Amino acid sequence: MVALRIGSNDDGAVTLAAERFNRHTFWCGQSGSGKTYALGVVLEQLLLHTRLPLLVLDPNADFVGLGQPREGADPADAAAIAEAGVRVLHSTQEGGERLHVRFVDMPLRSRAAVLRLDPVADPEEFNALLRGERDGTAQDPDLIATLRASGDPARERVATRIENLGSLEWDLWARGALAAEDVIDERPRATVMDLGGFADPDEPKVAALAVLDHLWERRTERRPVLIVIDEAHNICPPDPSTPLERALVERVVQVAAEGRKFGLWLLLSTQRPSKIHVNVLSQCDNLALMKLSSPRDLAELSDLFGYAPADLLARAPRFRKGQGLFAGGFIEQGSLVQMADRITREGGGDVPVPVS
Ligand SMILES: Nc1ncnc2c1ncn2[C@@H]1O[C@H](COP(=O)(O)OP(=O)(O)OP(=O)(O)O)[C@@H](O)[C@H]1O
Ligand SMILES: [Mg+2]
């Protein structure tokens, strides 16, 4: 077993079993409890001591510094991390490599979701897309003009919808350039998708959907990847309300239920268990819990994660920042841990209160 040293408690160093990241992991704690910081500690250890590729969906640019050691970090660790080959795909102009995905490679259902079309609620327009797929209109470079000239009211409505939503204009689309799907196919040690800087609130969700669709489509290749989703309530809420959210939730639920045997392993982080679809939560064999005060949330966690020691769970309202309970397959015995210091740069961090 490869032991990942993540922190310590009264009994000494605490380690996680690297091999047990071949299951799904749920990471929970209220805002400011230190989830993102602690998650970074674990990802650094995975980078240093395994060859497991990491894919990080990063909504707040918290992990854009994952390949950049801090001053004062252990020199050997710092050198190893700097050489690991962390790829950061940015959603903003200021960054380096840009984050793009390919519209044309997405499954029809997902492309329809980009246009907020649902196969059941919008049968005519969805069907127009389907027919466009079959007769090649979908690949037409002058798509809108062709749809308008078709003489078919459903196709004309699709053209109006595309124009009104403006989704074909998004910066997200690859338009022939290198896409996140290509980067992920190379399986770098870590790919960080910085999702925070897009103009349209649907863009980060579509970026997530495109890469999850892609990984799912190629699942039979059985190439392992740990899919880390911070602020996962944005990606798999319990009550998806738009076609895009429904497509995303269905995909994540599918990966949670069936991805394990193909090497598609999830690590989902959020503030409350009730913010994540229960069919995803129920598939998580590893739990990390930081400070959590709500008795209702703790009762839910205790129901869902029976393997977490009840006495430690009950202490969660009093956890200090950076303290977490780890339980499940990746740790020999459920334990309370004070997380170690980060080796790499944190992207976000708290804003200090101005006092003088
Ligand atoms: N173990 C730690 N040592 C030092 N600073 C920490 C530690 N854990 C967290 N912090 C700091 O506390 C602040 C909040 O931590 P973090 O962003 O990880 O919280 P969070 O649980 O992810 O919150 P949110 O749910 O709002 O994203 C950050 O500024 C972070 O740098
Ligand atoms: Mg966070």
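Biologist: What makes the span of helix 6 close to the expected one?

Modeller: This is a predicted model, and in it helix 6, residues 153-165, has 13 residues. The expected span is 1.5 Å times one less than the number of residues. For helix 6 that gives 18 Å, and the distance from its first C-alpha to its last is 18 Å. Just after the helix, glycine 166 has a positive phi of about 70°.

Biologist: How do you know that the length of helix 4 agrees with its number of residues?

Modeller: By the same kind of check. Helix 4 covers residues 123-135, and its 13 residues should span 18 Å at 1.5 Å a residue. Its end C-alpha atoms are 18 Å apart, so the two agree. Here too a glycine comes just after: glycine 136, with a positive phi of about 90°.

Biologist: Why are the buried residues of helix 4 said to be on the same side?

Modeller: The buried residues are Glu125, Phe126, Ala128, Leu129 and Gly132. They are on the same side of helix 4 because they cover an arc of only 155° around the axis. Exposed residues on the other side are Pro123, Arg134 and Asp135. The cover over the buried residues of helix 4 includes helix 3 (108-114) and helix 6.

Biologist: Why is aspartate 297 called buried?

Modeller: The label needs 20 or more other C-beta atoms within 10 Å. Aspartate 297 has 21, so it counts as buried. This residue sits in helix 11, residues 295-304. Leaving out residues up to four places away in sequence, aspartate 297 touches Arg272, Pro273, Ser274 and Leu292. Leucine 117, by contrast, is 180 residues from aspartate 297 in sequence and 34 Å from it in space, C-alpha to C-alpha.

Biologist: What puts the buried residues of helix 11 on the same side?

Modeller: Asp297, Leu298 and Leu301 are the buried residues of helix 11. Their arc around the axis is only 100°, and therefore they lie on the same side of helix 11. The face turned away from that buried side carries the exposed residues Pro295, Arg296, Ala299 and Asp303. The buried residues of helix 11 pack against strand 3 (24-28), strand 9 (284-289) and helix 12 (310-313).

Biologist: How do you know whether arginine 222 is exposed or buried?

Modeller: The count is 10 other C-beta atoms within 10 Å, so arginine 222 is exposed. Its place is in the loop between helix 8 and strand 7 (225-229).

Biologist: Why is alanine 80 given the label it has?

Modeller: Partly exposed is the label between the two limits, 12 or fewer and 20 or more. Alanine 80 has 16 other C-beta atoms within 10 Å, so it is partly exposed. Alanine 80 lies in helix 2, residues 75-83.

Biologist: How do you know that domain 1 and domain 2 are in contact?

Modeller: Contact asks for C-beta atoms within 7 Å. Seven residues of domain 1 are in contact with eight residues of domain 2. On the domain 1 side, helix 8 (202-217) and helix 9 (243-258) each supply at least two residues. That side divides into five nonpolar residues, one polar and one charged.

Biologist: What surrounds ligand 1?

Modeller: There are 15 residues around ligand 1, and the closest are Ser31, Gly34, Lys35, Thr36 and Gly322. Helix 1, residues 35-49, gives the most to this shell, with three residues. By kind, the shell has two nonpolar, nine polar and four charged residues.

Definitions and conventions. Residues are numbered from 1 along each chain as its sequence is written. Chains are lettered from A and ligands numbered from 1 in the order in which they are written. This is a predicted model: local features need pLDDT of at least 70, side-chain atom pairs count only at pLDDT 80 or more; totals for chains, interfaces and linings use all residues. A residue is near a molecule or strand if its C-beta atom, placed from the backbone, lies within 6 Å of it. Helices (H or I, at least four residues) and strands (E, at least two) are DSSP runs, numbered from the N terminus. Ala, Val, Leu, Ile, Met, Phe, Trp, Tyr, Cys and Pro count as nonpolar, Asp, Glu, Lys and Arg as charged, and the others, Gly among them, as polar. The arc is that of the directions from the helix axis to the C-beta atoms. Two residues are in contact if their C-beta atoms, placed from the backbone, lie within 7 Å.
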